[in-house]
Amino acid sequence: MNNFLLLPIIIPFFFGMLLMFGQKKIAYQRITTLLGLVISILCAFGLVANVYENGPQIVTLGNWPAPFGITMVSDMVSALLVLTTLILTFFIVWYGFESIKKEREQFFYYPAVMFIIVGVNGAFTTGDIFNLFVFFEVLLMASYLLIVLGGEKAQLRESIKYILVNVISSAFFVITVAFLYSVVGTLNMADISQKITEINQPGILTVIAILFLLVFGMKAAIFPLYFWLPGAYSAPPVPVLALFGALLTKVGVYAITRTYTLFFTQEVAFTHELLLILSILTIVAGCIGALAHFDVKQIIIYNIVIAVGVILFGVAQMNEAGLEGAMFYLIHDMVIKAALFMLIGIVIYVTGTTNLRKMGGLMKTYPALGWFYLIAALGLAGVPPLSGFIGKLLIVQGGFEAGNIWTSVFILASSIVVLLSVMRIFIYAFWGEQGQLATNVEKKKYNRLFFPTMLLVVVSIFYGIGTEWLTPFIKQAANVLMDPSIYIDAVMKGGE
Amino acid sequence: MKTNDVIMQFTAKIVFFIIFFYAVHIFFAGHYTPGGGFVGGLVTASAIVLLIIAFDLKTVQSILPINYIYLVACGLIISLGTAAFSMFVDKPFFTHFFDYFNLPILGKTSLHTAALFDLGVYLVVVGVTMTIIQTIGEDE
């Protein structure tokens with residue numbers, strides 16, 4: 001039976017439950033978390049191999065036929081994202097051993113991490129629009145805990161804003177699903193897609209498409225709806241920030257990609273044009289923020305916004321190169337954002353400040369940190385042998401093929417701003433006169449923080465070098481996005 | 001002034017059992033009539049809250065020495081276990097099974113694994129509600 005695709009969701013869920021016992025025993029918590037993640041990663045590798053060999057994997061819960069039960073669909077898009085999520089969580093949890101404080105570890109930090117990846121993996125895998133909502137809530141509930149855990153003043157302030165924004169967008173999500181249900185009368189995503197094609201997407205469905213963009217755009221932080229992100233993400237400690245920055249907005253991006261490639265493919269001239277304009281504006285807003293700040297956290301946080309814009313620009317092209325580029329760039333961006341936040345966390349630890357103006361001369365004392373930061377920064381900007389190159393290349397190629405010449409040139413130009421914003425951190429923090437240094441830096445703790453970070457940067461380097469090996473996987477993912485009939489056929493036959 | 005709430009406490013002792021058995025009734029009736037794990041759990045929690053109001057938090061903790069967080073975890077494990085059981089017999093996740101049994105006193109009864117799933121829901125609801133009330137109540 002192909003229940004196998006559920007394992008990357010069920011295993012973290014099960015281990016999350018186990019972690020609710022033995023709340024005060026830190027050793028038990030850490031070992032159980034790592035064990036759960038390692039088993040899930042192995043299953044996710046198996047899943048990717050399986051999907052690669054046999055095409056999309058389907059299981060309809062409870063043995064009901066396809067449009068009536070909840071279908072879980074693991075095509076290449078979701079299998080790759082699930083694998084990336086689990087690997088990143090593994091490194092972030094490992095990194096967190098040294099930087100999450102003991103009180104947090106004793107108060108359900110690890111269960112929250114496990115439940116957040118249950119939500120993320122579930123959202124990537126589900127084939128039912130209401131189930132997507134439920135998994136969104138699972139990951140949001142866990143993220144509410146993580147953002148407020150510790151109870152510092154900034155955390156309390158920002159968590160109120162974060163919860164308020166997400167409650168409103170969740171309410172919009174329910175309303176939108178209600179509208180969609182009243183038009184098409186089904187919740188299964190493959191079935192919705194079929195029904196929309198049959199009735200040829202009348203005006204009301206275009207309205208629903210825009211409402212979905214509003215809902216998922218709020219989660220993914222696209223242009224007019226990104227206002228909550230810079231404040232909310234600067235509050236929690238660095239490992240939590242890395243987890244949020246790498247995973248949460250990407251779930252929104254995935255949901256936009258899924259709905260705009262599977263459901264709303266008839267009125268492309270309006271919906272995808274709007275998506276294109278919004279993605280450009282998102283990049284502009286992100287670039288302004290990334291250049292304006294002298295706070296290392298804020299610079300990287302605004303780079304999340306830029307990356308969301310770039311990926312959605314690729315999605316808006318609706319041609320093979322654009323979607324392939326978007327997939328490449330999505331996975332690259334998850335990895336590199338986690339790595340950058342972890343590096344920034346170390347910089348903050350050794351200098352004891354987030355203000356760039358107070359830093360300086362770290363290259364003399366921490367050369368390895370400097371070089372790895374440089375590699376990660378160049379990877380983010382998309383310098384050829386590194387990971388960000390191929391994705392952006394394909395996105396721009398897709399843009400040219402679709403005839404969006406000037407906007408594609410704009411994407412290329414935005415890379416310079418990205419490079420400038422991260423190189424500014426490099427120049428200010430690592431070059432020049434010796435700046436502020438924290439007094440209580442322990443070499444042992446520094447090494448333990450640095451090791452997982454280094455490995456993650458190495459992973460991102462391999463992602464760049466190994467493009468050749470990854471291309472068939474990404475091509476398959478882009479094919480599913482290009483041609484919804486693959487997805488629909490798989491789901492409708494999978495119920496047998 | 002020390003208030004004497006003997007009537008309150010005496011009534012609470014009796015009413016607690018009425019509410020509790022009503023909750024059990026709702027829980028088991030859920031398959032054929034309105035009810036089920038969620039309402040059953042809430043009604044059970046309200047019975048315990050009645051005890052907390054009539055007596056106080058410390059007394060109730062000493063008569064019901066339950067760690068409600070563990071109760072939530074157990075409920076989750078029961079629900080997941082019921083759903084995952086079908087994976088081991090080569091059926092899709094969440095497939096339920098039922099059959100008719102001749103029980104000693106009740107006679108012919110249909111037993112359904114959905115009731116086990118509901119038991120998990122019931123425990124989670126009781127656990128979560130009581131955790132919320134206890135932590136707010138203990139807060140100085």
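**Close-up views of chains A and B**

**View 1. Contact between chain A and chain B.** In the contact region, 19 residues of chain A meet 15 residues of chain B. The structure shown is a predicted model. The size of an interface is often given as the accessible area lost when the parts come together. For chain A and chain B, the buried area is about 1,500 Å², and 81% of it lies on carbon and sulfur atoms. Polar contacts between chain A and chain B join 3 residue pairs, both residues being at pLDDT 80 or more.

**View 2. The side of chain A that touches chain B.** Two elements of chain A each give two or more residues to this side: α1 (7–20) and β1 (57–60). The greatest share comes from α1(A), with 7 residues. Sorted by type, the residues on this side of chain A comprise 14 nonpolar, 5 polar and no charged.

**View 3. An aromatic pair within chain A.** Over all chains, the count of aromatic pairs comes to 46. One of them is formed by F124(A) and Y254(A), in an edge-to-face arrangement. Their rings lie 5.1 Å apart, centre to centre, with 85 degrees between the planes. F124(A) belongs to helix α5 (residues 109–125) of chain A, and Y254(A) to helix α11 (residues 238–262) of chain A. The pair thus links distant parts of the chain, 130 residues apart.

**View 4. An annotated domain of chain A.** An unreviewed UniProt entry lists residues 128–414 of chain A as "domain: NADH:quinone oxidoreductase/Mrp antiporter transmembrane". In the model, residues 128–414 of chain A are 82% helix and 0% strand.

**View 5. An annotated domain of chain B.** For residues 7–131 of chain B, an unreviewed UniProt entry gives "domain: Na+/H+ antiporter MnhB subunit-related protein". Helix makes up 70% of residues 7–131 of chain B and strand 10%, while the end C-alpha atoms lie 28 Å apart.

View 6. The unreviewed UniProt entry lists "transmembrane region" for residues 12–32, 38–57, 69–89 and 109–133 of chain B. Residues 12–32 of chain B are 86% helix and 0% strand, with end C-alpha atoms 31 Å apart. Residues 38–57 of chain B are 90% helix and 0% strand, and their end C-alpha atoms lie 24 Å apart.

Key
Residues numbered from 1 in each chain as written. Chains lettered and ligands numbered in written order. Predicted model: local features only at pLDDT ≥ 70, side-chain atom pairs only at ≥ 80, totals over all residues. Heavy atoms only, no water. UniProt positions renumbered as here; feature names shortened; annotations may be inferred. Helix = DSSP H or I, 4+ residues; strand = E, 2+ residues; numbered from the N terminus. Contact = heavy atoms within 4.5 Å. Buried area = accessible area lost by both parts, 1.4 Å probe. Polar contact = N/O pair within 3.5 Å; in protein donor to acceptor, adjacent residues only side chain to side chain. Nonpolar A, V, L, I, M, F, W, Y, C, P; charged D, E, K, R; others polar. Phe/Tyr/Trp six-rings, centres within 6.5 Å; stacked < 30°, edge-to-face > 60°.
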